[in-house]
Amino acid sequence: MATPPLIYVLNGPNLNLLGLREPEIYGSDTLDDIAERLEERAGALGVRLEIRQSNHEGHLVDWLHEARLQGAKAVIINAAAFTHTSVALHDAVKAIGLPVIEVHLSNPQAREPFRHHSYIASVARGTIAGLGALGYELALDAAARL
Ligand code: DQA
């Protein structure tokens with residue numbers, strides 16, 4: 001039987017604190033809760049997931065490269081604050097040539113002006129924002145169909 005397609009799910013800084021961190025903005029689910037639901041959904045969709053979180057920009061760059069080397073079919077990324085600062089992540093997304101779906105729990109467009117620009121959006125296949133943890137599941141459904 002063929003190995004199921006692989007999808008990377010990458011999470012940036014402070015997302016390890018989900019559940020505790022400003023729950024009025026980011027909700028009460030922890031990253032583990034989100035990961036558990038994604039794994040369940042992945043089983044139903046017949047895909048494999050590699051779910052990671054780091055507070056370090058270089059780790060996220062390395063993992064984007066790794067996704068390509070491992071033959072991943074797509075990447076889902078919530079780059080968190082690096083979304084608004086990282087040319088390195090922009091370049092990495094562009095370099096790997098995989099469909100990348102940008103996810104945000106909150107809607108950065110409805111928040112402070114410094115969150116309005118995303119370095120990821122212009123190189124992503126699409127963006128899902130403002131739908132809370134559900135956004136990850138919708139991104140997974142989309143990634144599985146790309
Ligand atoms: C975020 C939005 C970013 O502006 C913020 O820095 C985050 C989380 C979100 O998921 O809503 O850390 O990416």
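Predicted model: local features only at pLDDT ≥ 70, side-chain atom pairs only at ≥ 80, totals over all residues.
**Notebook: the ligand and its cavity**

I began with His84: an N or O atom in its side chain is 2.7 Å from an oxygen atom of the ligand.

Next I looked up Asn78, where a polar side-chain atom lies 2.8 Å from an oxygen atom of the ligand. At Leu105 I turned to the backbone, and a polar atom there is 2.8 Å from an oxygen atom of the ligand.

Which residues are around the ligand? I listed Arg21, Tyr26, Asn78, Ala80 and Ala81, then His84, His104, Leu105, Ser106 and Arg115. Sorted by class, this shell has two charged, four polar and four nonpolar residues.

Then I went looking for empty space. Rolling a probe the size of a water molecule over the atoms shows where such space is left. How many cavities of 30 Å³ or more does a search of the whole structure find? I noted one. The largest cavity holds about 140 Å³ of space. It is lined by 14 residues, and those closest to its centre are Tyr26, Ala80, His104, Ser106 and Arg111. By class, I have the lining down as three charged, four polar and seven nonpolar residues.

Last, I wanted to connect the two searches. What takes up the space of the largest cavity? The ligand does.

Conventions
Residues numbered from 1 in each chain as written. Heavy atoms only, no water. Near = heavy atom within 4 Å. Polar contact = N/O pair within 3.5 Å; in protein donor to acceptor, adjacent residues only side chain to side chain. 1 Å grid on protein atoms, 1.4 Å probe; cavity = no way out; pocket = protein on both sides within 12 Å on 5 of 7 lines; lining within 4 Å. Sits in = over half its atoms within 2 Å of the grid points. Nonpolar A, V, L, I, M, F, W, Y, C, P; charged D, E, K, R; others polar. Points joined across faces, edges and corners; volume = space filled by probe spheres on them.
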